[in-house]
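I opened this model to go through a handful of local features and then the overall dimensions. My notes follow in the order in which I looked things up.

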Amino acid sequence: MRLANFEGRATIVTEDGLVDVAKSSNGAFSASLEKCVGQLGTLRTWFNSAHPRPTDAATAHELLGDERLGPVIANPSQIFAVGLNYAQHAAESGLALPSEPMVFTKFASAICGPNAPLPLPGPMTDWEAELVVVIGATARHLREENALSSVMGYCVGQDYSERGWQFKSSPPQFSLGKSFENFAPVGPWLTTSDEIANPNDLGISTTINGVVMQESSTSDMVFSVAQLVSYLSSFCELRRGDLIFTGTPQGVGQSRQPPVFLQPGDVVVTTIEGLGALRNVAVNSSVTSPTK
Ligand code: ZN
């Protein structure tokens, strides 16, 4: 099942169109995304048995670029992000493979809908296509072999990063440099984990103005999704709705010769096999970047 935030209402995306959850269930389920995410199993059972008719004819393909889509998870209690988690990205960065996951955060105010515009806070804004894991239940100390049972689903994400601010000082400011306005688009919807047989076998790509910049597979991850969930749960209590940005493959702008960064007007499309695509247009920031 694919659960979307369409015009602020919980909506299921089907091959034939969109199903407004509250209207189609005659109010048995709320229009609130937060409430629907809280009873995802029940919602899926209802959807699979009731076969509700679409309330809007828009298809998944037609929603690429549609700003009526908002974030399915808008206020996670925690957002984890992992650096250098693809072998070929570590290689292009000239760095050895990490022996432990390299964890930082993206602050929640950076979360936005899948097709939101991207204000550029500086001249070195870069792209990072990422598989985003959505935690489904409170958990601690998960073993790797059952870690995926705590995952409710997956989204496509972009870990936009302003490299000038990320690396301006020492030690670097990963969390701040990656948390500007709209630096964490997630979506286009939540695909429930029952639809993804193996999260570490999905094609992942970024195009800019139609040119392929990243094209890889989540099989290149250094630490698998299950290993990351287990690892994080050994430190932190994982909670329903928490997000994990699982790292990016090779092909980011700063590792190119010469480096390439986003310019106003650039169109970034981020795609993961089976999960859909995000589309963000870079725009001039209406505010000045952080004080010098
Ligand atoms: Zn990243």
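**Zinc site.** I started with the zinc ion, which is coordinated by Glu128 (OE), Glu130 (OE) and Asp159 (OD), at 1.9 to 2.1 Å. Donors here are N, O and S atoms within 2.8 Å of the metal (3.2 Å for Na, K and Ca), and water is not among the atoms, so sites may look incomplete. Along the chain the donors of the zinc ion are spaced as E-x1-E-x28-D. Glu130 lies in strand β10 and Asp159 in the loop between β11 and β12 (161–162), so this pair, 29 residues apart, links distant parts of the chain. Helices (H or I, at least four residues) and strands (E, at least two) are DSSP runs, numbered from the N terminus. I then looked up burial, where buried means under 20% relative accessible area, exposed over 50%, and partly exposed in between (1.4 Å probe, protein chains only). Glu130 is buried at a relative accessible area of 0%, and Asp159 is buried at 1%.

**Basis of the values.** The model is predicted: local features need pLDDT of at least 70, side-chain atom pairs count only at pLDDT 80 or more, and totals for chains, interfaces and linings use all residues. Residues are numbered from 1 along each chain as its sequence is written, and side-chain values use heavy atoms, with hydrogens and water left out.

**Cysteines.** My search of the whole structure returned zero disulfides, a disulfide being a pair of cysteine sulfur atoms within 2.5 Å. Cys112 is buried, with a relative accessible area of 6%, and Cys155 is buried as well, at 2%.

**Strand β5.** I next checked strand β5 (residues 79–83), where five of the five residues are buried, so the strand is largely enclosed by the rest of the structure. In a regular strand the side chains alternate between the two faces of the sheet. In β5, Ile79, Ala81 and Gly83 point one way, while Phe80 and Val82 point the other way. For neighbours I used strand pairing, which requires that DSSP finds at least two bridges between two strands. β5 pairs with strand β16 (residues 243–245) in the parallel sense over three bridges, and Ala81 has Phe245 as its bridge partner there. β5 also pairs with strand β6 (residues 102–104), in the antiparallel sense and over three bridges, with Gly83 opposite Met102.

**Loop between β10 and β11.** I looked at two residues in this loop, which runs between β10 (129–135) and β11 (151–158) and holds Leu142. Is Leu142 buried or exposed? Leu142 is buried, with a relative accessible area of 16%. Leaving out residues up to four places away in sequence, Leu142 touches Ala147, Ser150, Val229, Ser230, Ser233 and Leu238, where contact means heavy atoms within 4.5 Å. His141, in the loop between β10 and β11, is exposed at 56%. Phi of His141 is near 50°, a positive value in a residue other than glycine.

**Other backbone entries.** Asn209 also came up with a positive phi, about 50°, although it is not a glycine. Asn209 sits in the loop between β14 (203–208) and β15 (211–217) and is partly exposed, with a relative accessible area of 46%. A cis peptide bond joins Ser170 and Pro171, with omega about 0°; Pro171 is in the loop between α5 (163–166) and α6 (174–177). Another cis peptide bond joins Gln257 and Pro258, with omega about -10°; Pro258 is in the loop between β16 and β17 (267–272).

**Whole chain.** Of the 292 residues, 56% count as buried. Among contacts between residues at least 6 apart in sequence, 75% join residues at least 24 apart.
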